[in-house]
Amino acid sequence: MSDLIEQYEKYVMPTYGRQPVAFVRGSGCYLYDQEGSRYLDFVAGLSINNLGHCPPAVVEAAQKQAAELINTCNLYYTKPGGELAQLISELSLQGKVFFSNSGAEANECAIKLARKHGRDTGGDNKFRIITLENGFHGRTMATLTATAQPAKQEPFKPLLPGFEYVPRNDIEALEAAFDDSVCAILLEPVQGEGGIYPLEKGYLEAARRLADRHGALLMLDEVQTGLGRTGKLFAYEHSGVKPDVMTLSKSLGGALPIGATVAAPAYSDVLGPGMHGSTFGGGPVPCAAAIAVLKELTAAGFLDSVRAKGDYMRSLLEKMKSDGLIAGVRGLGLMMAIDLNGPVAADVVSAALNNKIILNNTSPETVRFLPPLIVEEGMIEAVVEFLQTALTELT
């Protein structure tokens with residue numbers, strides 16, 4: 001392990017705060033390190049492993065496709081790309097899909113689509129994009145500008161012009177920011193990297209109303225919230241408010257890299273030939289894997305089980321709150337977080353790793369839970385039992 005750490009320190013840019021463990025194998029809800037120790041994974045690759053590690057149907061689909069055609073370029077048609085686009089369209093906005101490699105790329109495409117639509121309908125001055133404070137939309141320059149977190153933006157200023165940030169769930173502030181120069185509002189239904197903060201009831205409805213009034217697009221970043229994470233296939237289904245544009249990634253390819261920007265029919269042809277592209281986007285292998293993922297997620301009863309397990313986990317965490325062990329619980333489905341009674345979240349994560357449980361903290365006081373959607377109740381109980389012991393000792 002020490003040799004591996006030295007190798008990373010010598011040859012890999014230090015852009016991540018890595019935990020001192022190297023995994024060599026994954027199966028279901030568990031990861032295995034170099035010594036063969038088993039870890040219960042409640043991070044799921046930050047929600048890329050929604051079906052767990054190496055789900056058999058996804059592995060089979062990817063292996064079969066890799067043996068037939070790994071990739072060509074986007075000057076040609078491939079069968080998995082067409083099938084996946086049709087499947088996503090029919091399950092969501094009924095329009096067209098652009099494929100890329102990541103959530104940041106998917107959001108970059110959405111931003112360009114909004115700017116182009118704004119110019120087409122309102123001229124050069126219709127280019128402003130509103131996002132929410134504490135949101136996260138990626139780390140490319142455009143998506144970093146959309147990400148209203150000053151600490152992440154500061155080292156890379158100047159940022160791109162035309163972005164404006166408003167407080168989450170403040171409808172009056174949103175109304176004040178809107179005028180006919182706005183081409184889009186970009187939102188996460190639940191802020192994931194920001195610490196698991198769901199939008200309050202009525203906020204998406206207000207965003208929809210304002211976007212319609214001013215000829216702007218309502219765009220939802222469902223990179224982390226989509227694909228069953230909140231107990232619905234897409235988080236917007238909780239509100240019934242459909243976006244004009246939606247972005248997906250993370251678990252779409254069963255942990256293989258793929259992003260998707262989905263546009264409703266009225267906006268499906270805003271971007272024409274030569275206006276956007278992605279060398280590896282929509283490759284046959286991740287598309288074949290994604291088709292397998294969507295078939296698993298839409299199987300009878302699967303999402304019902306996600307909601308039931310989310311409710312069960314929340315009930316156990318609420319009990320911890322009533323016992324005074326934690327300060328708060330929030331989330332939707334199996335996308336949850338707890339606020340601690342002190343700045344000990346990093347210590348909790350370290351103690352969990354020592355106990356062969358993988359957790360993640362989004363701030364010194366907040367621990368985030370993104371278990372695989374196939375998690376079992378006994379695994380949830382094991383994590384809560386660990387938290388009860390650890391927090392009794394740490395706080």
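Biologist: Into how many nonpolar, polar and charged residues does the lining of the largest cavity divide?

Modeller: This is a predicted model, in which local features need pLDDT of at least 70 and side-chain atom pairs count only at pLDDT 80 or more, while totals for chains, interfaces and linings use all residues. Residues are numbered from 1 along each chain as its sequence is written, and side-chain values use heavy atoms, with hydrogens and water left out. With Ala, Val, Leu, Ile, Met, Phe, Trp, Tyr, Cys and Pro as nonpolar, Asp, Glu, Lys and Arg as charged, and the others, Gly among them, as polar, the lining divides into 3 nonpolar, 4 polar and no charged.

Biologist: What volume does the largest cavity have?

Modeller: The count comes to 1 cavity of 30 Å³ or more. With volume taken as the space filled by probe spheres set on grid points, which are joined across faces, edges and corners, the value for the largest cavity is about 30 Å³.

Biologist: Which element gives the largest share of the lining of the second largest pocket?

Modeller: The second largest pocket (an open set of points with protein on both sides within 12 Å along at least five of seven lines) has a volume of about 1000 Å³. Its lining has 36 residues, with Asn-74, Val-97, Phe-98, Phe-99 and His-276 nearest the centre. Two or more lining residues come from each of α4 (79-91), β4 (96-100), α5 (103-122) and β12 (259-263), helices (H or I, at least four residues) and strands (E, at least two) being DSSP runs numbered from the N terminus. The largest share, 4 residues, comes from β4.

Biologist: How many charged residues does the lining of the second largest pocket have?

Modeller: The nonpolar class holds 17 residues of this lining, and the polar class also holds 17. The number of charged residues is 2.

Biologist: Which strands stand at the edges of the open sheet of 4 strands?

Modeller: The order is β1-β2-β3-β15 with mixed pairing, where two strands pair if DSSP finds at least two bridges between them. Strand β3 (residues 38-41) pairs with β15 in the parallel sense over 2 bridges, and Asp-41 has Ile-358 in β15 as its bridge partner. The edge strands each have a single partner, so one side of each lacks a neighbour in the sheet; they are β1 (23-27) and β15 (357-358).

Biologist: How far apart are the closest N and O atoms of the salt bridge between Lys-64 and Glu-68?

Modeller: Lys-64 and Glu-68 both belong to helix α3 (residues 56-68), 4 residues apart. Lys-64 counts as exposed at 53% relative accessibility, and Glu-68 counts as exposed at 54%. Their closest N and O atoms are separated by 3.2 Å.

Biologist: How many salt bridges does a search of the whole structure find?

Modeller: Among them is a network that links Arg-128, Glu-164 and Asp-179. The search finds 16.

Methods
On a 1 Å grid over the protein atoms alone, a cavity is a set of points where a 1.4 Å probe fits but cannot get out, and a pocket is an open set with protein on both sides within 12 Å along at least five of seven lines; lining residues have an atom within 4 Å of a point. A salt bridge is a side-chain nitrogen of Lys or Arg within 4 Å of a carboxyl oxygen of Asp or Glu. Buried means under 20% relative accessible area, exposed over 50%, partly exposed in between (1.4 Å probe, protein chains only).
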